Amino acid sequence: MYRRLDSGEDDVLGYEVEDTIPHDDFEEILDEVREVIRRYGAARLLVRIHGRPSTETPVLEERLRFAKEHLHDIERYAVVGDDRVIRFLTTLADAFVDMDLRFFELDQEDAAWAWVRDKGTPQEASA
């Protein structure tokens, strides 16, 4: 299950994810991100994750295709959560992808929103 979070900005998308994400819901999220990229040239994302959600059906191929097509179109990606595995995977992914990707604890969500909305350069954000 997911729900859209109000980001207050057109090029910033926020989602809250829990439990299982049905394939159709996952496709809706990807379509929304694609539309923001089409309109604004890039997107900024915040995903609040409770526990360790999974997808209902295998969608690895779709995720990889989306990442290949749009990796450079996502300026910042904040993951807000409470799971150590999600934190580890986010940190690991950040080392290998050319995108500003950061993990924030649930009690740091305000800082995560501020970071995602900040229009500074990636180098400034990582300092």
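Trainee: Which side chain meets Arg 48 in a salt bridge?
Mentor: Glu 109 does, at 2.7 Å from N to O. Keep in mind that this is a predicted model.

Trainee: Where do the two partners sit?
Mentor: Arg 48 is in strand β4, residues 43–49, and Glu 109 is in helix α4. They are 61 residues apart in sequence, so the pair ties those parts together.

Trainee: Are Arg 48 and Glu 109 buried or exposed?
Mentor: Both are buried.

Trainee: Which residues are joined with them into one network?
Mentor: Arg 3 and Glu 16.

Trainee: How many salt bridges does the whole structure have?
Mentor: The search finds 13. One of them pairs Arg 4 with Glu 32, with the closest N and O atoms 3.7 Å apart.

Trainee: Which elements does that pair link?
Mentor: Arg 4 is in strand β1, residues 2–5, and Glu 32 is in helix α1, residues 23–40. They are 28 residues apart.

Trainee: How accessible are Arg 4 and Glu 32?
Mentor: Arg 4 is partly exposed, with a relative accessible area of 44%. Glu 32 is partly exposed too, at 26%.

Trainee: What does Glu 9 pair with?
Mentor: Lys 119, with the closest N and O atoms 3.9 Å apart. Glu 9 is in the loop between β1 and β2, and Lys 119 is in the loop between α4 and α5. That link spans 110 residues.

Trainee: Back to α4. Which of its residues are buried?
Mentor: Glu 109, Ala 112, Trp 113, Trp 115 and Val 116.

Trainee: New topic. Which residues touch the most other members in the largest nonpolar core?
Mentor: Leu 13, Tyr 15, Val 33, Ile 74 and Val 79, out of 22 residues in that core. Helix α1 gives the most to this core, with six residues.

Trainee: What is Leu 13 in contact with, leaving aside neighbours within four places in sequence?
Mentor: Its contacts include Val 33, Val 36, Leu 45 and Leu 46. Arg 4 and Glu 32, the salt-bridge partners, are also among the contacts of Leu 13.

Trainee: How many residues are in the second, separate core?
Mentor: That core has 10, including Val 12, Ala 78, Phe 104 and Val 116. Val 116 is also one of the buried residues of α4.

How values were computed. Residues are numbered from 1 along each chain as its sequence is written. This is a predicted model: local features need pLDDT of at least 70, side-chain atom pairs count only at pLDDT 80 or more; totals for chains, interfaces and linings use all residues. Side-chain values use heavy atoms; hydrogens and water are left out. A salt bridge is a side-chain nitrogen of Lys or Arg within 4 Å of a carboxyl oxygen of Asp or Glu. Helices (H or I, at least four residues) and strands (E, at least two) are DSSP runs, numbered from the N terminus. Buried means under 20% relative accessible area, exposed over 50%, partly exposed in between (1.4 Å probe, protein chains only). A nonpolar core is a set of buried Ala, Val, Leu, Ile, Met, Phe, Trp, Tyr and Cys residues joined through side-chain atoms within 4.5 Å. Contact means heavy atoms within 4.5 Å.
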